[in-house]
Amino acid sequence: MYDPAAFEVFYRRHVDTVTRFMARRVTDPHTVADLTAETFLAVIDSARAYRPDLGSETAWLYGIARNVVAAEARRSARQQVLGSRIAGRRLLEGDDIARLEEKLDAEAAGRRALAALDGLPEGERAVVELVAVDQLSVTEAAAALGIRKVTARVRLHRARRTLRSAAVGSDHPAGLSYAGGEA
């Protein structure tokens with residue numbers, strides 16, 4: 001059963017994290033606000049599916065947020081073809097836009113890091129995003145992606161090897177750090 005008080009506590013605990021997650025992936029403040037709201041609506045819809053034995057609530061939340069971002073990318077591509085990109089958006093107040101633009105500016109380095117990962121296969125890229133950019137542990141990343149921990153470790157190892165090879169051939173070091181203490 002939906003518990004508004006429990007949801008409010010959960011929302012307040014995670015809203016900034018989800019907003020930063022979105023700001024690393026999109027550049028428009030309206031889209032950041034919309035995707036953050038969609039993520040929490042999806043949380044309400046899927047709260048019964050959360051299984052603590054499969055990972056932390058943060059990993060579960062990041063899995064939902066990744067699905068919301070992917071759905072938005074598909075929707076955006078369809079709308080761009082149709083030429084109606086801004087249809088259906090609610091207007092944000094000036095203060096809201098300024099606040100979201102600050103978050104967008106703060107997450108510019110995260111967006112650059114994600115762009116550097118574009119050459120990786122999707123599975124490897126997803127693990128590196130969650131571990132290096134979003135700072136989840138390998139265990140949490142595996143839970144967010146719905147894969148085994150060992151699979152996540154293998155993908156992370158392959159991605160690191162690929163990024164090191166690419167860095168040797170360029171003037172820019174890979175420069176990615178891997179959080180979470182697990183490698």
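How many residues make up the largest nonpolar core, and which of them have the most contacts inside it? In this predicted model, the core holds 40 residues, and Phe21, Met22, Val32, Val43, Val128 and Leu130 have the most contacts within it. At least two core residues come from each of α1 (4–23), α2 (29–46), α3 (57–82), α4 (94–106), α6 (122–133), α7 (138–145) and α8 (149–168). The largest share belongs to α3, which supplies eight residues.

Leaving aside residues up to four places away in sequence, Leu130 touches Phe21, Tyr62, Arg66, Gln135, Leu136, Ala141, Ala144 and Leu145.

Next come the helix pairs. The angle between two axes and the distance between them describe a pair of packed helices. For α1 and α2, the axes come within 9 Å and cross at roughly 140°. Angles over 145 degrees would count as roughly antiparallel, so α1 and α2 are oblique to each other. The crossing of α1 past α2 is right-handed. On the α1 side, the contact includes Phe7, Phe10, Tyr11 and Met22, while Val32, Leu35, Phe40 and Val43 are among the α2 residues. Sorted by class, this contact has twelve nonpolar, four polar and no charged residues.

The axes of α2 and α4 also come within 9 Å, crossing at roughly 90°; these two helices are therefore roughly perpendicular to each other. Here Pro29, His30, Val32 and Ala33 of α2 meet Ile97, Leu100, Glu101 and Leu104 of α4. The classes in this contact are six nonpolar, one polar and one charged.

Note on methods:
Residues numbered from 1 in each chain as written. Predicted model: local features only at pLDDT ≥ 70, side-chain atom pairs only at ≥ 80, totals over all residues. Heavy atoms only, no water. Core = buried A, V, L, I, M, F, W, Y, C linked by side-chain atoms within 4.5 Å. Buried < 20%, exposed > 50% of the residue type's maximum accessible area, 1.4 Å probe, protein only. Helix = DSSP H or I, 4+ residues; strand = E, 2+ residues; numbered from the N terminus. Contact = heavy atoms within 4.5 Å. Axes fitted to C-alpha atoms, helices over the stretch in contact; angles between N-to-C directions. Parallel < 35°, antiparallel > 145°, perpendicular 65-115°, else oblique. Left-handed = near helix turned anticlockwise from the far one by under 90°. Nonpolar A, V, L, I, M, F, W, Y, C, P; charged D, E, K, R; others polar.
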